[in-house]
Amino acid sequence: MFRKHLISFQLVPVIGYTDLKKKFEQLDFDVVNVIILGCGAMVDMVTFLDLNSPQASNKKVYIIDGHRPWNLDNLFSSDNVICFDDGQLERELVEEREAYNQLLELENEMPHNEDEAEMETDNDEQNDQRGDTDEDEEAEDDGELGSKKRHRSLPPPPSQKRKRLLRKSEETIDNYYNQGSTIATSVALQAYTLISSVGETKIDDLWLAILGTTSLMPLYSNVYQKIVPSLKDEVVRLESSISSSINEHSDAVVENGGHVLSNKSLDTNTLIIEKDYKLFLLRHWNLYNSFFYSNFVNSKLKLYTNDGKKRINKMFAKMGISLQAASQNWHYLDIKMKKRLPAILTRYLHDFQLDGLIEEGFIRNFGFKGAVSAVEYVDSITALLDFNGDLKGRVKKPSRTRTEKSNDESKNTYKDETAPKTQEAELSEIISQREAQFISNFWHCYDALTDFTFVKKGLEIAKWQQRFVFDKGFEILEKRMVTNLKVFRLVVLKEASVSWSSSIHSNEMKRFQTSLDDNELTMDLLTNYNRLFRNPLIVIKLGNWLLDCYSEMDSTILPLVIACFDPDSQTYLVCGLPPKFPPEDDGSTLKNIALLNTFSLAFQEVAEQIGAKAKVDSFESSLIELRKEDLPPFLERLSLSGLV
């Protein structure tokens, strides 16, 4: 939209709050409007960015962020910060607004100097003493009962009333901040809503809104389920209007079950709603692996056990699908089998407690390049973002200058490589390299939104990463590495290596190298495997898989803390995830309840209590980085703190 209206803008990716402040300070003075996407809602931006300083006083900061709770200073007390809300302010923050305004009024009424404060304190003490004297005299003479009643009926001094109001307002605000963190809405949907308000919507914009909302499904399924009906209505509206205006006299639009479906052609780029499956990359893998590496199927059938592996073979046999056919690439699977698959699954899934496997999803056709569901597209982009390797030279980059710029920044960070490096310098270099890798990955993901070549690469990387995550999860469960600490479950990964005993074998690696058609990319995936679980996004994915498994095997609903050791920095990355309710028979989450993440404040408070040197810089507030020696006392205090 900015390009269409010839509005100049710059897109600046940021890694954490420290990087956000650094990039903000580097902005030219002429830049007066700053839009922050996906972060900033939970931090007082006026103080953090020093918006009252002469260098930033001309800037207005617009926050579009789904993280909650809001920092109330952003909402109620700043003219330089504008927050885009999803309606929560009017629905749920009425008491908090009143309490916040009450605090501001009380602060303005506070004594302006020490003499006034001292005089007010003395008056309070005299009132208290007078009350005590009256009560003593009353105890000596019961005949003065009326005097006591008159004394108690007098209104309290103004300072006492102010203190009570102050305590009540502070308690309301504290309860709001201490309830825990979550994501309440999709940033992409908020951006699409803004575009819709000025009549600039098109299918490409809606597709981006769907992708952003779909990315919330693994951890925030309640948010996804709440938003998806309105997205389906929007798909029907836009596809109907486009199809009818382009080809009124053809049958380009077909009604099927109340949804609009468009005929496919070599150059079509339509967005449709049709039956989809909670299977992993089905259209780009084979039926067996799509079942096996699905979080939903894996946790339901307990495929991490020998009995579970037998159960999936029994399931295919009962459905009349041979293992040979199930191992065929989806593109080469018999067309009759593809057409019969929905009916087969509908008939037999209930026998294996897999109700809810079939659901409606969003499918985007890219002409002769193929079709990708929104879930598959998100898996591809996430894999590109998590990738710890180099795609340079193997993929044509439409925006080469952006990627080259990020690489050049990492190269110029350290000029004198011959000089001896201290431990701090080495650590700083490691951090700089990782930040440069993330920025490079960000631009690859950005390009993947318009370049299908990157999407295909991301799909292949996603297969490997899913195998690695599952294999690590199998190892954790087989070795019983999960410890129950009454208030949460704990997993500590002291080493990032894995035996690859359960799912990855040498012959499969050779077959995968051939299917990838990129030996260098395959080697990057294998050689960088040990660094995989130092990535916060991969750690969250592993933790989410473990929560899915425990929601099926254990009725105790507990959150999860997972700590992964990084030998390069000699630190532990600690991640806290809220518990999950087991899915109901129809596959939906129990009562669509959103469990808040209480680790956000707990991590910071416990780290302060034990005096640990911690790094809390991620936009995900339930991530913290600790020194190796600080982890044991941190976990001990966390389990006894009562904050979780």
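Is cysteine 549 buried or exposed? Cysteine 549 is buried, because its relative accessible area is 0%, and anything under 20% counts as buried. Keep in mind that you're looking at a predicted model. The chain has 644 residues, and buried residues make up 45% of them. Here's a quick tour, topic by topic.

**The chain as a whole**
- If you count up the secondary structure, you get 25 helices and 16 strands.
- Take the contacts in the chain with a separation of 6 or more: 71% of them are between residues 24 or more positions apart.

- What holds strands together in a sheet? Strands pair through backbone hydrogen bonds, and the pairing can be parallel or antiparallel.
- Strand S2 (residues 60-64) runs parallel to S4, and three bridges join the two.

- Helix H10 (residues 203-214) packs against helix H17 (residues 374-386) at an angle of about 75 degrees, and their axes are 9 Å apart.
- Angles of 65 to 115 degrees count as roughly perpendicular, so that's the label for H10 and H17.
- On the H10 side, the contact is made by Trp207, Ile210, Leu211 and Thr214.
- H17 brings Ala374, Val375, Tyr377 and Val378 to the contact.
- Sort the residues of this contact by type and you get seven nonpolar, one polar and no charged.

**Cysteines**
- A disulfide is a covalent bond between the sulfur atoms of two cysteines.
- How many disulfides does the model have? The count comes to zero.
- Cysteine 39 counts as buried, because its relative accessibility is 2%.

**Serine 621**
- You'll find serine 621 in the loop between strand S15 (614-615) and strand S16 (623-627).
- Serine 621 is buried, since its relative accessible area is 15% and the cut-off is under 20%.
- Leaving out residues up to four places away in sequence, serine 621 touches Met42, Ser181 and Ser600.

Technical notes. Residues are numbered from 1 along each chain as its sequence is written. This is a predicted model: local features need pLDDT of at least 70, side-chain atom pairs count only at pLDDT 80 or more; totals for chains, interfaces and linings use all residues. Side-chain values use heavy atoms; hydrogens and water are left out. Two strands pair if DSSP finds at least two bridges between them. Helices (H or I, at least four residues) and strands (E, at least two) are DSSP runs, numbered from the N terminus. Axes are lines fitted to C-alpha atoms, for helices over the stretch in contact, and angles run from 0 to 180 degrees between N-to-C directions. Angles under 35 degrees count as roughly parallel, over 145 as roughly antiparallel, 65 to 115 as roughly perpendicular and the rest as oblique. Contact means heavy atoms within 4.5 Å. Ala, Val, Leu, Ile, Met, Phe, Trp, Tyr, Cys and Pro count as nonpolar, Asp, Glu, Lys and Arg as charged, and the others, Gly among them, as polar. A disulfide is a pair of cysteine sulfur atoms within 2.5 Å. Buried means under 20% relative accessible area, exposed over 50%, partly exposed in between (1.4 Å probe, protein chains only).
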